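Subject: Structure handover

Hello,

Here is the structure I promised to pass on. My notes follow below it.

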There are 2 protein chains.
Amino acid sequence: MNQASNPASASVLAPTAEVEHQRARFPDGLALDCGAVLAPVDVAYRTYGTLNAARSNAVLVCHALTGDQYLAETQPVTGKPGWWEAIVGPGKPIDTDRYFVICSNVLGGCMGTTGPREEMPGEGRPWGTDFPSVTIRDMVRTQKLLVEHLGIARLLAVVGGSMGGMQVLEWAATFPEMVFAAAPIATAAHHSAQNIAFDEVGRAAIQADPDWRGGRYFAEPGLVPAKGLSVARMVAHITYLSEQALTRKFGRRLRGASALTFLEDVFEVESYLRHQGSTFVRRFDANSYLTITRAMDYFDLAAEHGGDLSAAFRGTSTRFFVASFTSDWLFPTEESRTLVRALNQAAANVSFVEITSDKGHDAFLLHEPEFHAALGGFLKGAAAKLGA
Amino acid sequence: MNQASNPASASVLAPTAEVEHQRARFPDGLALDCGAVLAPVDVAYRTYGTLNAARSNAVLVCHALTGDQYLAETQPVTGKPGWWEAIVGPGKPIDTDRYFVICSNVLGGCMGTTGPREEMPGEGRPWGTDFPSVTIRDMVRTQKLLVEHLGIARLLAVVGGSMGGMQVLEWAATFPEMVFAAAPIATAAHHSAQNIAFDEVGRAAIQADPDWRGGRYFAEPGLVPAKGLSVARMVAHITYLSEQALTRKFGRRLRGASALTFLEDVFEVESYLRHQGSTFVRRFDANSYLTITRAMDYFDLAAEHGGDLSAAFRGTSTRFFVASFTSDWLFPTEESRTLVRALNQAAANVSFVEITSDKGHDAFLLHEPEFHAALGGFLKGAAAKLGA
């Protein structure tokens, strides 16, 4: 894969403690929705493929809650494949032989972009819970800095699932002239009360962990609120899977013998969830989790436009591809239909596909050929229309 | 209300630290499914109404996970109304003017029946996590001791929702000659992988709390794993409500001003959930929560009968009333249909009603006139048939 060269205006930062992320620094920073000004802002990112001479083949991919910029290559902390290698790569739906693919760690994240784990200017310690509240729109404004820094005036497409889809919608609503095509996938124009409630359980679990220390766990080297963050991950993970997917994976199988004891995790599903929780804490920062889930919970695109979702897209010339999955109960199809109705009301160019899948919300990350064909076709069509 | 007199064979125990529960003691105790013998066994219970001369009007109500024996009167710890006063009382569907209603705290519970909070014989301390694993069938065997102790050879009906419904099914399968009618409500013949997973989150949250101390929090007076138990209650509470019920109650309303901060619980739904969590810890024991959720997770009536659910009811003469609620996603209607199909296969007398409600699993506890009419009618019909 080819990486974009770093124009002179951005300095490459010193390595973080763990991994040297590719970063761009924006000294003037950003005015946030909460009123604070964050400066400087660092953006950690990766690119794949080559930007064409017309600079018309750039595809920005926005990651979900616990994703990162390592879209289509080995994640350097975990050593595992990139989170969307099913979709992004040579000859794949987001074809790195044809498109210049950009992915950056979100504002508030913990893989190199400015966030609670990074140093608070002048304080000689991480931001921790002093990090200001950020919104999905703040994340998108940060991505816009990077896109402009890469010399791109208009993106061929912005693509993302789940919280990534929220960013896609915010891009299309806030910077429509920069978005030729938009693919919000397995997402919604706002978080439901149930989604907020599940997030709140996760946050309460983190804050209940005495090792969280009011957010100041960084004061003791190596200390993290591992148990609380693990519980947060466990509950979230359930919401990513359908009942069918859980049953198929584990059913009610007991792990080992039929021992009747409540101190051991004897069901396979328990063992799996506890494993999910414990591996997660090695790669994700608890204060980032608080920051980003809160951003998702605040997201309400209709509220940003006087309560009228269609007003977010009025006059748009962006082409939309909306996709949902039948067994996704975190972002059910009905949420996508609401979105499509608003886009129709705004006279937008929109196609909608509901994919039959029993894999739940996670389906957007997995092997779903019908979805891949539809998304790939949409991007090819958009590229042809743009002459990219 | 009238209480049943305590026959001489049962001694009334000394008050617990907090509340003097009405109890019966069974010195010979019980052989449990796990192989252990638990002796003595104390059963805390309440009765309402009067047992008729023929002893043919007794209705046993089985409570759910966090319920107790205070069915139709003020709960002495919380001072709140009994948990099923909507259903049980004079002139109500479970009519205490007509029936002699019995409700006992489940084995492993924390309202006076033998469980982790009660004293471990000879140890001078609570059982804590030394309390043996119990099953739904063990709970039912314990109730049978009480029913026989009250001089009742056959129950007019056994009624219960959620985990109470599991007990109803186990009663009908294990002691069919003692059950003239059975009403399993909003329940299933086994816990699904998703239900087990949610329970596991709750258990992990309790065990993650350092105040749990490996189950030995009782060693320090007044100490309880309040934060962990609170998180467990929060996640469970979400599963008891439908998305519609959550939205109707709270929508996305912010509490107070539109402050953008992630340290405060600014959404009303968060505030509500945190309140639910914190009040729960005052009345419920964490080790009981571990014990009882595990019993629910183990429950698998088909597995107890060679994998054939209908075999659990073969030859039964019990009359069944199965009820589910449309928006219940913890025990969806499909689970009740599975149950009804098995009962039909066993040639049982069964009626089934799916109640249209948007209140989620909790609907069985709430004002649902159609459900109340159906349940009341079923019991009246059963009483008439029995000549009670």
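Strand S5 of chain A (residues 58–62) runs parallel to strand S8 of chain A (residues 100–104), and 4 bridges join the two. Within that pairing, A:Val61 has A:Cys103 as its bridge partner in S8(A). Another 4 bridges join S5(A) to strand S9 of chain A (residues 155–161), again in parallel. There the partner of A:Val61 is A:Val159. So much for the neighbours. Keep in mind that this is a predicted model.

How many of the residues of S5(A) are buried? The count is 5 of the 5, so the strand is largely enclosed by the rest of the structure. In a regular strand the side chains alternate between the two faces of the sheet. Both faces of S5(A) are covered. On one side sit A:Ala58, A:Leu60 and A:Cys62, and on the other A:Val59 and A:Val61, all of them buried.

Next, a contact between the chains. Two packed helices are described by the angle between their axes and the distance between the axes. Helix H3 of chain A (residues 193–208) packs against helix H4 of chain B (residues 226–240) at an angle of about 170 degrees. Their axes are 10 Å apart. An angle over 145 degrees counts as roughly antiparallel, so that is how H3(A) lies relative to H4(B). From H3(A), the contact takes in A:Gln194, A:Ala197, A:Phe198, A:Glu200, A:Val201, A:Ala204, A:Ala205, A:Gln207 and A:Ala208. H4(B) meets them with B:Lys227, B:Val231, B:Met234, B:Val235 and B:Ile238. By type, the contact residues of H3(A) and H4(B) are 10 nonpolar, 2 polar and 2 charged.

A:Phe198 turns up again among the aromatic rings. Ring pairs link A:Phe198, A:Trp329, B:Phe198 and B:Trp329 into a cluster. Over all chains, the structure holds 26 aromatic pairs. One of them is formed by A:Trp84 and A:Phe364. The pair is edge-to-face, with 6.4 Å centre to centre and 75 degrees between the planes. Which parts of the chain does the pair link? A:Trp84 is in the loop between S5 and strand S6 (88–89) of chain A. A:Phe364 is in the loop between strand S12 (349–355) and helix H9 (369–386) of chain A. These are distant parts of the chain, 280 residues apart. Both A:Trp84 and A:Phe364 are buried.

Now some backbone points to check by eye.

- The peptide bond from A:Ala39 to A:Pro40 is cis, with omega near -5 degrees. A:Pro40 lies in the loop between strands S3 (37–38) and S4 (41–48) of chain A.
- In chain B, B:Ala39 and B:Pro40 are joined by a cis peptide bond, with omega about -5 degrees. The loop that holds B:Pro40 is between strands S3 (37–38) and S4 (41–48) of chain B.
- A:Ser162 has a positive phi, near 60 degrees, though it is a residue other than glycine. A:Ser162 sits in the loop between S9 and helix H2 (163–174) of chain A.
- B:Ala347 also has a positive phi near 60 degrees in a residue other than glycine. Its loop is between helix H8 (333–345) and strand S12 (349–355) of chain B.

Are those last two residues buried or exposed? A:Ser162 is buried, because its relative accessible area of 7% is under 20%. B:Ala347 is exposed, because its value of 65% is over 50%.

Best wishes

Technical notes. Residues numbered from 1 in each chain as written. Chains lettered and ligands numbered in written order. Predicted model: local features only at pLDDT ≥ 70, side-chain atom pairs only at ≥ 80, totals over all residues. Heavy atoms only, no water. Buried < 20%, exposed > 50% of the residue type's maximum accessible area, 1.4 Å probe, protein only. Pairing = 2+ DSSP bridges. Axes fitted to C-alpha atoms, helices over the stretch in contact; angles between N-to-C directions. Parallel < 35°, antiparallel > 145°, perpendicular 65-115°, else oblique. Contact = heavy atoms within 4.5 Å. Nonpolar A, V, L, I, M, F, W, Y, C, P; charged D, E, K, R; others polar. Phe/Tyr/Trp six-rings, centres within 6.5 Å; stacked < 30°, edge-to-face > 60°.
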